[in-house]
Amino acid sequence: MPNDRCGRSISTGFTGKVEGMSSVGLVRNDGVTTMLLNTPILARRVLSEIADALDELGLETSPSPLVVASAHPTIFLAGADLGEIQDLDPESCIAYAGLGRGVTDRLSRHPAPVVAAVHGSCSGGGFDLVLACDAVVASPGATFSHPGVHRGLVTGWGGTTRLDRAIGTSATRRALLEGVDLDASELSGLGVVTSVAEDPQAEARDTARRIGLLHPSRLRLWRLLRESVFVDRFRAFVVEKS
């Protein structure tokens, strides 16, 4: 059973074997793989482990639907490591941003459906990761934010473009310019949060399993629409023949 940063034991709702690395565990459960993040801080090491886990899962013959969850009791993801950001210079910041974008891009292109199970606080780079998923299940008290504006930081992991496409300019301004927290109810109304549930991990597994039963073309269609690249110059939908 994983521990939080204070060493307290945390119940994750899983009884199966946890596979994986120190920061990222993989749990197989009834046809769904859960990527369990054991730390809410997305340091370089954690990002690299997430990328490696996604690469490994992507090589499987028939990748199962994926749920991204957190083992921390009150925080889903707190974003980047501020100590690492403090040490960046004009050259290293490019590689650092590329590492984070590499993870969000892998999530957005994963060969199976990806569902985020969010509880508590989801901020900064963690919010960027959530926006790269195909669906989001959140607890009633979950909050989403980009607090970097209070520190003179702008997210560099793709959130600035994905957020505007997902929630529109008005809500994006509140999140990125004003640093306002967006709650699960508001994001549900805006279509980012697919459902609000007391047990987001269980609901996310059900959602991932349900999407996984759909024809793969539907997932491809959704991702094209989400990324706003499926509309031609006449604003018409184009269906490619197989």
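The legends below describe close-up views of a predicted model. Residues are numbered from 1 along each chain as its sequence is written, and side-chain values use heavy atoms, with hydrogens and water left out. Local features need pLDDT of at least 70 and side-chain atom pairs count only at pLDDT 80 or more, while totals for chains, interfaces and linings use all residues.

View 1. Helix 8 covers residues 216-226; helices (H or I, at least four residues) and strands (E, at least two) are DSSP runs, numbered from the N terminus. Its buried residues (under 20% relative accessible area, 1.4 Å probe, protein chains only) are Leu219, Arg223 and Arg226. Seen down the axis of helix 8, these buried residues fall within an arc of 60°, so they line one face of the helix; the arc is that of the directions from the helix axis to the C-beta atoms. On the other side of helix 8, Arg218 and Arg220 are exposed (over 50%).

**View 2. Surroundings of Arg226.** Arg226 has a relative accessible area of 13% and is therefore buried. Neighbours within four places in sequence aside, Arg226 is in contact (heavy atoms within 4.5 Å) with Ser108, Leu131, Ala132, Cys133, Asp134 and Arg165. The Arg226 side chain reaches the backbone oxygen of Ser108 at 3.3 Å.

View 3. Strand 9 (residues 121-123) pairs with strand 11 (residues 143-145) in the parallel sense over 3 bridges. Ser145 in strand 11 is the bridge partner of Ser123.

Note on methods
Polar contact = N/O pair within 3.5 Å; in protein donor to acceptor, adjacent residues only side chain to side chain. Pairing = 2+ DSSP bridges.
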